[in-house]
Amino acid sequence: MNIQENCYMLNKVLKSAEIDEIIDYIGDNFKAVPYLYVNVLKYGSGTDSVTTWIDRNENGNMEGVYLLYYDCIHFYTNNMDIYPAKQLTEFVRSTNHRVIMLQGGIGDRLDNYFSDYYSERNHVIDMDKVGLEDREYRSQIAGREDISQIVDLLMADSEYINVYDRKILSEQLYDRYDGDFSRYFVIKMDGKVVAACSTYGEVPGLALIGGVIVHPDYRCRGLASDVENFACHILACEGISRVGFVNFHNKVSLALHEKIGASSIATLAKFVRK
(Lines give C-alpha, C1' and ligand atoms only; values in the text may rest on other atoms or scores of the structure.)
Protein backbone atom coordinates (compact mmCIF):
# COMPACT_ATOMS: atom_id res chain seq x y z
CA MET A 1 0.00 0.00 0.00
CA ASN A 2 1.56 3.29 -1.10
CA ILE A 3 0.13 6.69 -0.28
CA GLN A 4 1.46 9.71 -2.15
CA GLU A 5 1.31 12.90 -0.07
CA ASN A 6 3.04 16.04 -1.40
CA CYS A 7 6.72 15.23 -2.03
CA TYR A 8 6.92 12.13 0.18
CA MET A 9 5.81 8.53 -0.25
CA LEU A 10 4.45 6.33 2.52
CA ASN A 11 5.32 2.67 2.18
CA LYS A 12 3.85 -0.05 4.35
CA VAL A 13 6.55 -1.95 6.27
CA LEU A 14 6.66 -5.61 5.32
CA LYS A 15 10.30 -6.69 5.73
CA SER A 16 12.44 -7.18 8.83
CA ALA A 17 15.24 -5.16 7.18
CA GLU A 18 12.91 -2.16 7.19
CA ILE A 19 12.39 -2.57 10.95
CA ASP A 20 16.15 -2.40 11.41
CA GLU A 21 16.21 0.74 9.26
CA ILE A 22 13.55 2.37 11.46
CA ILE A 23 15.46 1.51 14.64
CA ASP A 24 18.63 2.99 13.16
CA TYR A 25 16.68 6.11 12.13
CA ILE A 26 15.34 6.62 15.68
CA GLY A 27 18.80 5.95 17.11
CA ASP A 28 19.50 7.30 20.57
CA ASN A 29 16.13 9.12 20.61
CA PHE A 30 14.25 5.90 21.39
CA LYS A 31 13.32 7.03 24.91
CA ALA A 32 11.75 10.18 23.44
CA VAL A 33 9.19 8.09 21.51
CA PRO A 34 8.95 4.98 23.69
CA TYR A 35 5.48 3.83 22.57
CA LEU A 36 6.36 3.86 18.88
CA TYR A 37 9.78 2.33 19.54
CA VAL A 38 8.59 -0.70 21.51
CA ASN A 39 5.66 -1.32 19.14
CA VAL A 40 7.92 -1.18 16.08
CA LEU A 41 10.24 -3.73 17.68
CA LYS A 42 7.38 -6.00 18.73
CA TYR A 43 4.94 -5.67 15.83
CA GLY A 44 6.71 -3.63 13.15
CA SER A 45 6.02 -5.87 10.16
CA GLY A 46 2.34 -5.88 11.04
CA THR A 47 -0.54 -7.72 12.72
CA ASP A 48 -4.30 -7.47 12.43
CA SER A 49 -4.20 -4.49 14.79
CA VAL A 50 -0.81 -2.90 14.00
CA THR A 51 0.48 -1.34 10.77
CA THR A 52 3.71 0.60 10.18
CA TRP A 53 4.62 2.96 7.33
CA ILE A 54 7.94 4.55 6.39
CA ASP A 55 7.80 8.02 4.88
CA ARG A 56 10.54 8.57 2.29
CA ASN A 57 11.54 11.63 0.30
CA GLU A 58 12.18 11.63 -3.44
CA ASN A 59 15.73 10.41 -2.83
CA GLY A 60 14.54 7.39 -0.86
CA ASN A 61 15.73 8.75 2.48
CA MET A 62 13.55 8.22 5.53
CA GLU A 63 11.72 11.33 6.73
CA GLY A 64 9.34 9.83 9.28
CA VAL A 65 7.61 6.75 10.68
CA TYR A 66 3.87 6.20 11.20
CA LEU A 67 2.52 3.36 13.31
CA LEU A 68 -1.14 2.44 13.78
CA TYR A 69 -1.74 0.57 17.04
CA TYR A 70 -5.42 -0.34 17.44
CA ASP A 71 -7.14 3.09 17.40
CA CYS A 72 -4.00 5.21 17.95
CA ILE A 73 -1.66 6.69 15.32
CA HIS A 74 1.94 7.20 16.44
CA PHE A 75 4.42 9.32 14.50
CA TYR A 76 8.15 10.07 14.70
CA THR A 77 10.50 12.25 12.66
CA ASN A 78 14.05 13.49 13.06
CA ASN A 79 12.91 16.76 11.48
CA MET A 80 10.31 18.14 13.90
CA ASP A 81 10.75 21.74 12.74
CA ILE A 82 10.32 21.17 9.01
CA TYR A 83 8.26 18.01 8.52
CA PRO A 84 5.15 19.03 6.51
CA ALA A 85 2.34 19.54 9.04
CA LYS A 86 -0.29 19.52 6.28
CA GLN A 87 0.87 16.15 5.01
CA LEU A 88 0.89 14.64 8.49
CA THR A 89 -2.58 16.01 9.19
CA GLU A 90 -4.07 14.73 5.95
CA PHE A 91 -2.70 11.24 6.44
CA VAL A 92 -3.76 11.00 10.08
CA ARG A 93 -7.25 12.21 9.24
CA SER A 94 -7.48 9.70 6.39
CA THR A 95 -7.08 6.87 8.95
CA ASN A 96 -9.96 8.31 11.05
CA HIS A 97 -8.64 7.06 14.41
CA ARG A 98 -9.39 8.52 17.82
CA VAL A 99 -5.91 9.08 19.24
CA ILE A 100 -2.71 10.62 17.88
CA MET A 101 0.62 10.47 19.71
CA LEU A 102 3.87 12.12 18.64
CA GLN A 103 6.81 14.22 19.81
CA GLY A 104 5.91 17.35 21.74
CA GLY A 105 7.73 19.65 19.33
CA ILE A 106 5.76 18.64 16.28
CA GLY A 107 2.61 18.36 18.37
CA ASP A 108 2.91 22.08 19.11
CA ARG A 109 2.82 22.74 15.36
CA LEU A 110 -0.36 20.69 14.95
CA ASP A 111 -2.64 22.27 17.56
CA ASN A 112 -4.34 24.50 14.98
CA TYR A 113 -4.94 21.52 12.65
CA PHE A 114 -6.70 19.44 15.30
CA SER A 115 -9.09 21.86 16.99
CA ASP A 116 -11.67 19.05 17.06
CA TYR A 117 -9.35 17.01 19.29
CA TYR A 118 -8.43 17.40 22.95
CA SER A 119 -4.74 18.19 23.21
CA GLU A 120 -2.45 17.25 26.08
CA ARG A 121 1.26 16.97 26.83
CA ASN A 122 3.08 14.40 28.92
CA HIS A 123 6.57 14.25 30.33
CA VAL A 124 8.55 11.14 29.46
CA ILE A 125 10.46 10.40 32.64
CA ASP A 126 13.57 8.28 33.10
CA MET A 127 12.91 5.91 36.00
CA ASP A 128 16.19 4.02 36.15
CA LYS A 129 16.86 5.34 39.67
CA VAL A 130 13.43 4.29 40.96
CA GLY A 131 12.79 0.99 42.73
CA LEU A 132 16.41 0.18 43.49
CA GLU A 133 15.84 -0.40 47.20
CA ASP A 134 15.32 -3.99 48.37
CA ARG A 135 12.42 -3.81 50.84
CA GLU A 136 9.04 -5.33 51.56
CA TYR A 137 6.21 -4.34 49.25
CA ARG A 138 2.46 -4.72 49.55
CA SER A 139 2.30 -5.39 45.82
CA GLN A 140 2.46 -8.59 43.82
CA ILE A 141 2.77 -9.69 40.21
CA ALA A 142 -0.70 -10.08 38.69
CA GLY A 143 -2.05 -13.04 36.75
CA ARG A 144 -4.28 -13.12 33.68
CA GLU A 145 -7.28 -13.60 35.96
CA ASP A 146 -6.67 -10.12 37.43
CA ILE A 147 -6.86 -8.23 34.13
CA SER A 148 -10.64 -7.74 34.12
CA GLN A 149 -10.44 -6.03 37.53
CA ILE A 150 -7.56 -3.85 36.30
CA VAL A 151 -9.71 -2.78 33.34
CA ASP A 152 -12.55 -1.96 35.73
CA LEU A 153 -10.21 0.24 37.79
CA LEU A 154 -8.87 2.07 34.75
CA MET A 155 -12.27 2.66 33.17
CA ALA A 156 -13.58 4.19 36.38
CA ASP A 157 -11.02 6.97 35.97
CA SER A 158 -11.90 10.03 33.84
CA GLU A 159 -8.49 10.03 32.14
CA TYR A 160 -9.18 6.60 30.63
CA ILE A 161 -12.89 7.10 29.98
CA ASN A 162 -12.05 10.10 27.76
CA VAL A 163 -9.43 8.20 25.75
CA TYR A 164 -10.33 4.53 25.60
CA ASP A 165 -13.17 2.36 24.47
CA ARG A 166 -13.55 -0.33 27.15
CA LYS A 167 -13.62 -3.23 24.69
CA ILE A 168 -10.47 -2.01 22.92
CA LEU A 169 -8.64 -1.39 26.20
CA SER A 170 -9.54 -4.87 27.43
CA GLU A 171 -8.35 -6.44 24.16
CA GLN A 172 -5.07 -4.54 24.38
CA LEU A 173 -4.35 -5.64 27.94
CA TYR A 174 -5.08 -9.29 27.23
CA ASP A 175 -3.12 -9.24 23.96
CA ARG A 176 -0.10 -7.64 25.62
CA TYR A 177 -0.19 -10.17 28.45
CA ASP A 178 -0.61 -13.17 26.17
CA GLY A 179 2.16 -11.90 23.89
CA ASP A 180 4.63 -11.39 26.77
CA PHE A 181 4.61 -7.69 25.93
CA SER A 182 3.16 -6.44 29.23
CA ARG A 183 3.19 -7.39 32.88
CA TYR A 184 0.74 -6.23 35.52
CA PHE A 185 1.38 -5.50 39.17
CA VAL A 186 -1.38 -5.18 41.75
CA ILE A 187 -2.25 -4.67 45.39
CA LYS A 188 -5.17 -6.69 46.69
CA MET A 189 -7.23 -5.84 49.75
CA ASP A 190 -10.56 -7.13 50.93
CA GLY A 191 -10.46 -9.80 48.24
CA LYS A 192 -10.15 -7.45 45.28
CA VAL A 193 -7.62 -5.50 43.21
CA VAL A 194 -7.44 -1.96 44.66
CA ALA A 195 -4.27 -0.67 42.96
CA ALA A 196 -2.46 -1.54 39.76
CA CYS A 197 0.47 -0.65 37.55
CA SER A 198 1.70 -2.18 34.31
CA THR A 199 4.39 -2.24 31.70
CA TYR A 200 2.76 -0.71 28.62
CA GLY A 201 5.31 -2.54 26.54
CA GLU A 202 8.55 -4.48 27.01
CA VAL A 203 11.35 -5.15 24.57
CA PRO A 204 14.87 -6.34 25.37
CA GLY A 205 16.41 -3.78 27.72
CA LEU A 206 13.44 -1.38 27.94
CA ALA A 207 10.04 -1.26 29.63
CA LEU A 208 7.37 1.43 29.70
CA ILE A 209 5.81 1.96 33.12
CA GLY A 210 2.25 3.28 33.28
CA GLY A 211 -1.36 2.64 34.13
CA VAL A 212 -0.88 3.49 37.80
CA ILE A 213 -4.35 3.51 39.31
CA VAL A 214 -5.86 3.23 42.80
CA HIS A 215 -9.49 2.62 43.70
CA PRO A 216 -11.00 5.86 45.11
CA ASP A 217 -11.84 4.19 48.42
CA TYR A 218 -8.21 3.19 48.99
CA ARG A 219 -6.36 6.39 48.07
CA CYS A 220 -4.01 8.37 50.33
CA ARG A 221 -2.49 5.16 51.71
CA GLY A 222 0.71 5.14 49.64
CA LEU A 223 -0.57 2.37 47.36
CA ALA A 224 0.28 4.13 44.08
CA SER A 225 3.87 4.66 45.18
CA ASP A 226 4.15 1.07 46.42
CA VAL A 227 2.88 -0.59 43.23
CA GLU A 228 4.92 1.64 40.91
CA ASN A 229 8.10 1.18 42.95
CA PHE A 230 7.47 -2.56 43.07
CA ALA A 231 7.18 -2.73 39.27
CA CYS A 232 10.38 -0.75 38.89
CA HIS A 233 12.13 -2.97 41.45
CA ILE A 234 11.22 -6.17 39.61
CA LEU A 235 12.44 -4.71 36.29
CA ALA A 236 15.62 -3.27 37.85
CA CYS A 237 16.49 -6.68 39.25
CA GLU A 238 16.23 -8.00 35.68
CA GLY A 239 18.50 -5.26 34.33
CA ILE A 240 15.71 -3.57 32.34
CA SER A 241 15.72 0.21 31.80
CA ARG A 242 12.45 1.99 32.66
CA VAL A 243 10.60 5.06 31.43
CA GLY A 244 7.29 6.44 32.68
CA PHE A 245 4.84 9.24 31.91
CA VAL A 246 3.45 12.22 33.83
CA ASN A 247 0.88 14.70 32.54
CA PHE A 248 2.16 18.28 32.23
CA HIS A 249 -0.63 19.50 34.49
CA ASN A 250 0.21 17.04 37.26
CA LYS A 251 2.99 19.04 38.89
CA VAL A 252 2.56 17.19 42.18
CA SER A 253 3.20 13.82 40.51
CA LEU A 254 6.22 15.17 38.65
CA ALA A 255 7.67 16.57 41.89
CA LEU A 256 7.10 13.25 43.68
CA HIS A 257 8.79 11.34 40.86
CA GLU A 258 11.73 13.74 40.86
CA LYS A 259 12.03 13.29 44.63
CA ILE A 260 12.59 9.55 44.19
CA GLY A 261 15.13 9.98 41.39
CA ALA A 262 13.09 10.19 38.18
CA SER A 263 13.75 12.97 35.66
CA SER A 264 11.92 14.38 32.63
CA ILE A 265 13.78 13.61 29.39
CA ALA A 266 11.26 14.39 26.63
CA THR A 267 7.73 15.55 25.85
CA LEU A 268 4.95 13.58 24.17
CA ALA A 269 1.92 15.22 22.58
CA LYS A 270 -1.42 13.40 22.57
CA PHE A 271 -4.57 14.35 20.64
CA VAL A 272 -7.87 12.65 21.43
CA ARG A 273 -10.91 13.20 19.23
CA LYS A 274 -13.71 15.05 21.04
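User: Why is Phe185 called buried?

Analyst: This is a predicted model, and every value here is computed from it. The relative accessible area of Phe185 is 0%. Buried means under 20%. Phe185 therefore counts as buried.

User: What makes the pair of Phe185 and Phe230 edge-to-face?

Analyst: Take the distance, then the angle. The ring centres of Phe185 and Phe230 are 6.0 Å apart, and rings pair within 6.5 Å. Their planes stand at 80 degrees, and over 60 counts as edge-to-face. So the pair is edge-to-face.

User: Which parts does that pair tie together?

Analyst: Phe185 belongs to strand S9 (residues 184-189) and Phe230 to helix H8 (residues 223-237). The pair therefore links parts that are 45 residues apart in sequence.

User: Is Phe230 buried or exposed?

Analyst: Its relative accessibility is 10%. The cut-off for buried is under 20%. Phe230 is therefore buried.

User: How many aromatic pairs does a search of the whole structure find?

Analyst: The search finds 18 aromatic pairs. One of them joins Trp53 and Phe91, with ring centres 5.1 Å apart and planes at 80 degrees. The limits are within 6.5 Å for pairing and over 60 degrees for edge-to-face. So Trp53 and Phe91 are an edge-to-face pair.

User: Why does the pair of Trp53 and Phe91 tie together parts that are apart in sequence?

Analyst: Because Trp53 lies in strand S3 (residues 50-56) while Phe91 lies in helix H3 (residues 85-95). The parts are 38 residues apart in sequence. Trp53 has 5% relative accessibility and Phe91 has a relative accessible area of 2%. The cut-off is under 20%, so Trp53 is buried and Phe91 is buried.

User: How do you know that the charged end of Lys274 sits over the ring of Tyr118?

Analyst: The charged end is 5.7 Å from the ring centre. The distance limit is within 6 Å, and the charge must also lie within 35 degrees of the ring normal. Lys274 is listed as sitting over the ring of Tyr118.

User: What makes strand S5 largely enclosed?

Analyst: S5 covers residues 72-76, and five of the five are buried, so the rest of the structure largely encloses it. Both faces are involved. Cys72, His74 and Tyr76 point one way, Ile73 and Phe75 the other way, and all are buried. The background is simple: in a regular strand, side chains alternate between the two faces of the sheet.

User: Why are S4 and S5 said to pair?

Analyst: Pairing needs at least two bridges. Strand S4 (residues 62-69) is joined to S5 by five bridges, and the strands run antiparallel. Leu67, for instance, has His74 in S5 as its bridge partner. S4 and S5 form a hairpin with two residues between them, and Tyr70 in the turn has a positive phi of about 55 degrees.

User: How many bridges join S5 to S6?

Analyst: Four bridges join them, and the strands run parallel. At least two are needed. Among the facing residues, Cys72 stands opposite Val99, and Ile73 stands opposite Ile100. S5, H3 and S6 make a right-handed β-α-β unit.

User: Which strand pairs with S6 in the antiparallel sense?

Analyst: Strand S13 (residues 263-273) does, over five bridges. Leu102 stands opposite Ala269 in S13. S6 is mostly covered, with five of its five residues buried.

User: What makes the phi of Asn96 worth a remark?

Analyst: Most residues other than glycine have a negative phi. The phi of Asn96 is near 60 degrees, a positive value. Asn96 lies in the loop between H3 and strand S6 (99-103). Its relative accessible area is 54%, and exposed means over 50%. Asn96 is therefore exposed.

User: How do you know that Cys220 counts as exposed?

Analyst: Cys220 has 86% relative accessibility, against a cut-off of over 50%. So Cys220 counts as exposed. Cys220 sits in the loop between strand S11 (206-214) and H8. Its phi is positive, about 65 degrees, although Cys220 is not a glycine.

Key. Residues are numbered from 1 along each chain as its sequence is written. This is a predicted model: local features need pLDDT of at least 70, side-chain atom pairs count only at pLDDT 80 or more; totals for chains, interfaces and linings use all residues. Side-chain values use heavy atoms; hydrogens and water are left out. Rings of Phe, Tyr and Trp (its six-membered ring) pair if their centres lie within 6.5 Å; planes under 30 degrees apart count as stacked, over 60 as edge-to-face and the rest as tilted. Buried means under 20% relative accessible area, exposed over 50%, partly exposed in between (1.4 Å probe, protein chains only). A crossover is right-handed if, with the strands pointing away from the viewer, the path from the first strand over the helix to the second runs clockwise.
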